[in-house]
Amino acid sequence: MNEVLEKLGKIGIVPVVVLDDAKDAESLGRALMEGGLPCAEVTFRTAAAEESIRILSEKFPEMIVGAGTVLTIEQVDRAVKAGAKFIVSPGTNPKVVDYCVKNNIPITPGTCTPSNVETALEFGLDVVKFFPAEPSGGLNFIKAIAAPYVGVKFMPTGGINAKNVRDYLAYDRIIACGGSWMVTKDLIKAGDFEQIKKLTAEAAEIVKEVRG
C-alpha cells in the first residue's frame with residue numbers, strides 16, 4: 001500500500017471539504033489540525049479548490065492534503081502542482097488512473113461494483129473509494145463485494161456521519177472513511193471554525209474508541 005494511504009489509514013477519517021473561497025482554507029486547516037484529523041480531501045468542485053490546496057499545503061506541511069472529485073488529467077496536474085499528495089475520483093476513469101499510476105501519484109478511484117474494483121486491480125491498486133457508500137448499500141454491500149477481492153481495502157464516502165461511522169471503522173477491510181459532517185458548507189460559510197474543531201475532535205475520538 002502507498003505510504004500516503006497508510007497514513008490516512010492511521011488517521012481513520014478524511015474530512016471531505018468544499019471551499020467556495022480560498023480565504024477560509026487556513027482557518028479550516030488549523031481547525032482540522034487542532035481537532036486531531038491532520039488531513040483533508042479538497043474537492044475540485046469549486047474555483048477555489050486549487051488555491052485552497054496550495055494554502056493548506058504551505059501553511060500546514062505536516063497535513064496530508066489531497067484533491068477530490070478529480071475528473072481529468074488536467075485537474076490531476078493542477079492539484080499536484082498546488083501540493084496535493086493524493087487524488088480521489090468519484091468513478092474509475094481508466095485514463096486518469098493510468099496517468100496517476102505511471103506518474104507515481106496516489107489515487108483512490110471511486111467504485112461501487114465488482115467491475116469497478118477489477119478495473120482498479122488491473123492498474124495494480126489495492127485501495128479504492130466506495131461511492132456513494134450509503135445509497136449503494138452501505139457496509140453490508142462493502143462486506144459482500146470485499147469477499148472475493150481479498151487484497152483490496154475500501155475508503156467509503158457518501159452518507160457517512162457521526163452516527164454510522166463506528167460501524168464502518170470497525171470493519172478491517174476499511175482503511176478510512178470520508179466524511180463532511182464536521183466541515184459542512186454552512187459551518188465554513190458562517191466562519192464557525194470553533195465548531196468545526198469541536199466536531200473534528202469528536203470524530204478523532206471515535207477513531208480512537210474503535211481502533212485504539
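The legends below describe close-up views of a predicted model of one protein chain.

**View 1**
The chain contains 10 helices and nine strands. Its C-alpha atoms fill a box of roughly 45 × 40 × 30 Å along the principal axes. For 212 residues, a compact globule would have a radius of gyration near 17 Å, and the chain, with 16 Å, agrees with this. Of the 212 residues, 53% count as buried.

In general, strands of a sheet pair through backbone hydrogen bonds, in either a parallel or an antiparallel sense.

**View 1. Strand 1 and its two partners.**
On one side, strand 1 is joined to strand 2 by two bridges, and the two strands run parallel. Within this pair, V16 stands opposite E41 of strand 2, and V17 stands opposite V42 of strand 2. Strand 1 also runs parallel to strand 9, to which three bridges join it. Here P15 is the residue that stands opposite G179 of strand 9.

**View 2. The side chains of strand 1.**
In a regular strand the side chains alternate between the two faces of the sheet. Which residues of strand 1 point one way, and which the other? I13, P15 and V17 point one way, V14 and V16 point the other way, and all are buried. Since five of the five residues of strand 1 are buried, this strand is largely enclosed by the rest of the structure.

**View 3. Strand 2, residue by residue.**
From strand 2, C39, E41 and T43 point one way, while A40 and V42 point the other way; all are buried. Five of the five residues of strand 2 are buried, so the strand is largely enclosed by the rest of the structure. Why does C39 count as buried? C39 counts as buried because its relative accessibility is 0%, and the cut-off for buried is under 20%. The C-alpha atom of C39 is separated by 14 Å from that of S27, and the two residues are 12 apart along the chain.

**View 4. The crossovers into and out of strand 2.**
Strand 2 pairs with strand 3 (residues 64-68) in the parallel sense, over five bridges. Within this pair, E41 stands opposite G66 of strand 3. How is the path from strand 2 to strand 3 made? Strand 2, helix 3 (residues 49-59) and strand 3 form a β-α-β unit, and this unit is right-handed. Five of the five residues of strand 2 are buried. The chain reaches strand 2 from strand 1 through helix 2 (residues 25-35), and this β-α-β crossover is also right-handed.

**View 5. The largest pocket.**
The largest pocket holds about 240 Å³ of space. It is lined by 20 residues, and V16, T43, R45, T157 and S180 lie nearest its centre. Strand 1 (13-17), strand 2 (39-43) and strand 9 (177-179) are the elements that give two or more residues to this lining. V16 of this lining is also the residue that stands opposite E41 in strand 2.

About 180 Å³ of space lies in the second largest pocket. Which residues line the second largest pocket? They are N2, L5, C100, V101, N104, I105, P106, I107, G124, L125, D126 and V127. The lining of the second largest pocket divides into eight nonpolar residues, three polar residues and one charged residue.

Key
Residues are numbered from 1 along each chain as its sequence is written. This is a predicted model: local features need pLDDT of at least 70, side-chain atom pairs count only at pLDDT 80 or more; totals for chains, interfaces and linings use all residues. Side-chain values use heavy atoms; hydrogens and water are left out. On a 1 Å grid over the protein atoms alone, a cavity is a set of points where a 1.4 Å probe fits but cannot get out, and a pocket is an open set with protein on both sides within 12 Å along at least five of seven lines; lining residues have an atom within 4 Å of a point. Grid points are joined across faces, edges and corners, and a volume is the space filled by probe spheres set on the points. Helices (H or I, at least four residues) and strands (E, at least two) are DSSP runs, numbered from the N terminus. Ala, Val, Leu, Ile, Met, Phe, Trp, Tyr, Cys and Pro count as nonpolar, Asp, Glu, Lys and Arg as charged, and the others, Gly among them, as polar. Two strands pair if DSSP finds at least two bridges between them. Buried means under 20% relative accessible area, exposed over 50%, partly exposed in between (1.4 Å probe, protein chains only). A crossover is right-handed if, with the strands pointing away from the viewer, the path from the first strand over the helix to the second runs clockwise. The radius of gyration is taken over C-alpha atoms; the globule rule is 2.2 Å times the number of residues to the power 0.38.
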